[in-house]
Amino acid sequence: MNRLNDNPQHQQTLSQMQQACFVLSDNAQLTLSHDIAKAKAENIKAFAPACDAKDLGSNAFKADHGVQYAYYAGAMANGIASEEMVIALGKAGFLASFGAAGLVPARVAKAIDTIQQALPSGPYAFNLIHSPSEPALEQGCVELYLDKGVHTVEASAFLGLTEHIVRYRAAGLSQDNQGNIIIGNKVIAKVSRTEVADKFLSPAPEKMLQALVAKGQISALQAKLASQVPMADDITAEADSGGHTDNRPLVTLLPTLMQLRDAKQQAYQFSKKVRVGAGGGIGTPSAALATFAMGADFIVTGSINQACIEAGASEHTKKLLATTEMADVTMAPAADMFEMGVKLQVVKRGTLFPMRAQKLYDLYMQYDSIDAIPQAEREKLESQVFKKPLAQIWQDTVAHFNTRDPKQITRAENNGKRKMALIFRWYLGLSSRWSNQGEVGREMDYQIWAGPALGAFNAWTQGSALAQYQNRKVVHVVSELLNGAAYLQRIQLLKSQGVNCEGRLNQYQIS
């Protein structure tokens, strides 16, 4: 077997891979060549063509979204995926989704104006999160996006289709002079269940379309066109990610959704095939390459972006994220789907949030109202968790929902269980904002979303400039991830031809 060692000359030569193919001759001499035909004609033992990070993934994804790379930065709620992050990535040819979930409409509107001014021609996306407990928020977001001309949304945490997401999709449909359907509003659906993916891989339900026509929210033509296109342009197979996740293994989820996509395409014969990408667990070049090798059209990252300079998180949180290891994450109750028992993945080291959040959910399941909780337990909640009397927390909750969704208070007035849920959600909702804002005195209550990919990323970057969170510019982070995947693809190709690549050659070296 030919052997390629890791001497500096070889390492330097391999780092130039993006511009030329390289060949390995009989004497294990590595040679660069820009003439592929000539290189193939020589007496060589192995051959690997040039490969750039821009070559990875689906060309259709890049063309449709106006980007150079088959990648997008997933939304992290409460503006963690900030305007600065979306703009920086957009200017570098990457798609990014603003973390609109959990923000009031005025804050989202401000972000839209800022991003559209900086990226008038894109690329950018905005998150549209399913809000079963507060449907008015979901409706408000859709109306804001339609009004402001946001033409790409990342739909996340959906348990099924709603009239709001259907309206967004259908309202952007039209026809050209030849009768071809023009999809004006693109949807990237982030899913982890086949039954949810099935909905986004199919046309919108006729019943919802007719209801929207009756309300005057879409035209009869748009309803007709919506029955001929899938609900999504792209499906992101969300595996073991930070925040909302079902902790699905990527190696089983991605091929399953790809097979489902192919079956739906066969059944409906859409003019454009839905693309399937993947996110969750992708924190190293090896993971990125493995995902592309499984057939992903694009990849998504989130956890590794959260510790970047542009992320809307506090210095305390970024510092903690930069030292998080793979085992430092756990599941905890989610604020937006608290009553349903839905959980999300968070950092457990350096914070008591997971334990305290779980305690609140246990009390919610055990008692029918705040008054039913034993006095000693209530006092403990007031002193250790809320740090305020529960009566005052309720008044704060009333004030909050009166400006956001007054129906929530109306529903809770004569329902002790519902009132208890809203009080507990006060803590769950604010804990993530405390983390983002760096609330002094609340450090042990910070809710920090992250998946195991972050630990893998931190391990990979040890000894490099990216080990320090102060150096983590998001474009640099993403570029190194994709460049590393392209590098490793060539190494794997050499190995498949019988070349034994030794030592550091098996790992991409961060520049």
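Contact is taken as heavy atoms within 4.5 Å, and helices (H or I, at least four residues) and strands (E, at least two) are DSSP runs numbered from the N terminus. The model is predicted, so that local features need pLDDT of at least 70 and side-chain atom pairs count only at pLDDT 80 or more, while totals for chains, interfaces and linings use all residues. Residues are numbered from 1 along each chain as its sequence is written, and side-chain values use heavy atoms, with hydrogens and water left out.

The domain assignment, with bounds from an automatic or database source, gives domain 1 (3-50 + 485-506), domain 2 (59-305) and domain 3 (327-447). The centres of domain 2 and domain 3, taken over C-alpha atoms, are separated by 30 Å. In the interface, 22 residues of domain 2 are in contact with 20 residues of domain 3. Buried area is the accessible area (1.4 Å probe) that two parts lose on being put together, summed over both. Between domain 2 and domain 3 this area is about 1500 Å², and carbon and sulfur atoms give 46% of it. Ser133, Glu134 and His244 supply 35% of the area that domain 2 buries against domain 3, more than any other three residues.

A salt bridge is a side-chain nitrogen of Lys or Arg within 4 Å of a carboxyl oxygen of Asp or Glu. By this rule the count is 22 salt bridges, with zero between domain 2 and domain 3.

Helix packing was described with axes that are lines fitted to C-alpha atoms over the stretch in contact, and with angles from 0 to 180 degrees between N-to-C directions. Angles under 35 degrees count as roughly parallel, over 145 as roughly antiparallel, 65 to 115 as roughly perpendicular and the rest as oblique. The axes of α7 and helix α9 (residues 206-214) are 10 Å apart at an angle of about 75°, and the two helices are therefore roughly perpendicular to each other. Glu163, Val166, Arg167 and Ala170 in α7 meet Met208, Leu209, Ala211 and Leu212 in α9. The residues of this contact divide into six nonpolar, no polar and two charged, where Ala, Val, Leu, Ile, Met, Phe, Trp, Tyr, Cys and Pro count as nonpolar, Asp, Glu, Lys and Arg as charged, and the others, Gly among them, as polar.

The axes of helix α14 (residues 353-366) and helix α18 (residues 416-437) come within 10 Å and cross at roughly 175°; α14 and α18 are therefore roughly antiparallel. Residues of α14, including Phe353, Arg356 and Leu360, meet residues of α18, among them Lys417, Met420 and Phe424. This contact comprises eleven nonpolar, one polar and two charged residues.
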